[in-house]
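Biologist: I am new to this one, and I would like to walk through it piece by piece.

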Amino acid sequence: METLAGTVLAGKSFDPIRGRVVVEDGQIEAVEETETASTDIVLPAFVNAHTHLGDSVAKDAAVGLSLEEAVVPPDSLKHRRLAAAGHDDLVSAMRRTLRFVARTGTVSCLDFRESGLAGARALREAAEPVAVDPFIFGSDDLSVLDVADGYGASGANDADFTAERAACRERGVPFAIHAGEPDATDIHPALDLDPDLLVHMVHAEREHLDRVAEQSVPIVACPRANSVLKVGRAPIRELLDHTTVALGTDNVMLNVPSMFREMAYTAREFEVSAREVLRMATTAGAEIAGLDCGVVEPGRRAALLVLDGDSDNLAGTTDVVEAVVRRATELDVKRVLV
Ligand SMILES: [Zn+2]
């Protein structure tokens with residue numbers, strides 16, 4: 001048994017309580033209010049709801065490039081770098097990114113993995129010695145579903161994904177698809193596939209949002225990636241008013257996969273509360289992938305993040321949730337329990 005004491009952001013409301021979290025056999029046994037001298041902050045570990053970890057072979061390659069030039073298959077810089085990378089280099093690069101992801105408080109990434117079955121296998125191999133368990137949305141041939149946890153489609157304008165959608169339904173695994181990134185033309189076609197998850201929705205309009213609510217489709221927003229690629233700003237306030245919204249850092253090529261940075265940017269740039277942002281970075285992604293973490297409450301898996309509330313950066317803050325979302329950085333991480 002182990003206890004983590006301090007200010008605990010407990011339950012789905014993240015209401016701060018002074019007390020401790022009791023952990024046994026990797027599970028949260030109890031959350032208890034009690035006096036403690038600890039200045040630590042205990043919160044759920046993050047779930048990064050959209051990554052492309054394969055981009056770890058193409059870091060810093062995209063400065064000044066458009067969406068098309070940077071990441072669109074098959075001729076973008078990213079895909080040329082991926083094609084040129086040998087297996088060992090790819091695995092090693094993804095593994096190093098995953099180590100960074102783990103050290104910065106993230107327990108899982110929902111990753112869109114390129115390159116079919118071989119691509120999904122390479123990511124499993126990369127993750128083996130790391131404390132992050134990626135949830136893999138595979139691509140290309142349907143055999144990828146033997147290894148991946150679901151299917152991740154590039155976009156409804158790129159190809160007909162009816163067979164992939166049907167195969168996911170047959171196996172009971174999620175079908176996810178990019179939609180509304182450069183423009184709105186692929187949103188209705190994506191929704192026609194009855195997806196389990198939409199990524200981006202930058203150009204979602206009222207008619208799309210109504211369908212999203214009606215079909216109960218969760219959305220992953222990647223605001224920093226949208227900003228780097230200059231595709232516009234997702235209507236995050238409206239998205240939140242219609243469905244579950246999670247945060248993702250998207251292409252490793254474009255952005256460091258740090259949920260601290262994504263949270264701070266989202267809180268600053270959009271009309272959302274700090275609590276909503278924290279939920280987008282933890283609970284929402286866990287719900288989408290069916291992971292038993294993302295909330296500090298008894299019975300859940302103990303995937304927890306401990307921040308030093310008395311660090312030189314966080315000392316003196318009074319609103320804990322605001323401090324975690326807007327101010328905390330990787331340097332404030334004291335411990336990641338996964
Ligand atoms: Zn993506």
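Biologist: What do the buried residues of H2 pack against?

Modeller: The buried residues of H2 pack against S5, H1, H3 and S13, where contact means heavy atoms within 4.5 Å. This is a predicted model, in which local features need pLDDT of at least 70 and side-chain atom pairs pLDDT 80 or more, while totals for chains, interfaces and linings use all residues. Residues are numbered from 1 along each chain, and side-chain values use heavy atoms, without hydrogens or water.

Biologist: And which residues of H2 are buried?

Modeller: Leu77, Lys78, His79 and Leu82 are the buried ones in H2. Buried means under 20% relative accessible area, exposed over 50%, and partly exposed in between (1.4 Å probe, protein chains only). Helices (H or I, at least four residues) and strands (E, at least two) are DSSP runs, numbered from the N terminus.

Biologist: Where does Ala85 lie?

Modeller: Ala85 belongs to the loop between H2 and helix H3, which covers 87–103, and with a relative accessible area of 24% this alanine is partly exposed. Its C-alpha atom is separated by 9.4 Å from that of Ala58, which is 27 residues away along the chain.

Biologist: Changing topic, which residues coordinate the zinc ion?

Modeller: His50, His52 and His178 coordinate the zinc ion, each through NE2, at 2.0 to 2.1 Å. Donors are N, O and S atoms within 2.8 Å of the metal (3.2 Å for Na, K and Ca), and sites may look incomplete because water is not among the atoms.

Biologist: How are those donor residues spaced in sequence?

Modeller: The spacing is H-x1-H-x125-H. Since His50 sits in strand S5 (residues 46–52) and His178 in strand S9 (residues 175–179), the pair ties together parts that are 128 residues apart in sequence.

Biologist: Is His50 buried or exposed?

Modeller: His50 is buried, at a relative accessible area of 0%, and His178 also counts as buried, at 11% relative accessibility.

Biologist: What does the side chain of Glu114 do with His52?

Modeller: The side chains of Glu114 and His52 are joined by a polar contact of 2.9 Å, meaning a pair of N or O atoms within 3.5 Å; within protein, one must be able to donate a hydrogen and the other to accept it, and residues adjacent in sequence count only if both atoms are side-chain atoms. A further polar contact, of 2.5 Å, links the side chains of Glu114 and Lys78, so the residue in question, itself buried at 10% relative accessible area, reaches both partners from the loop between strand S6 (106–112) and helix H4 (116–127).

Biologist: Which residues does Glu114 touch, leaving out those up to four places away in sequence?

Modeller: Among them are Gly54, Asp55, His79, Leu82, Gly119 and Ser139.

Biologist: What about H13, which residues are buried there?

Modeller: In H13 (residues 320–327), Val320, Val321, Ala323, Val324 and Val325 are buried, and what covers them includes strand S1 (2–10), strand S4 (40–44) and helix H10 (259–269). At the start of H13, a side-chain oxygen of Asp319 comes to within 3.2 Å of the backbone nitrogen of Val321.

Biologist: Last topic, the backbone: where is the cis peptide bond?

Modeller: A cis peptide bond joins Pro73 and Pro74, with omega about 0°, and Pro74 lies in the loop between H1 and H2.

Biologist: And what is phi of Asp250?

Modeller: Phi of Asp250 is near 60°, a positive value in a residue other than glycine; Asp250 lies in strand S13 and counts as buried at 1% relative accessibility. Lys230 has a positive phi too, near 55°, but Lys230 is exposed, with a relative accessible area of 74%.
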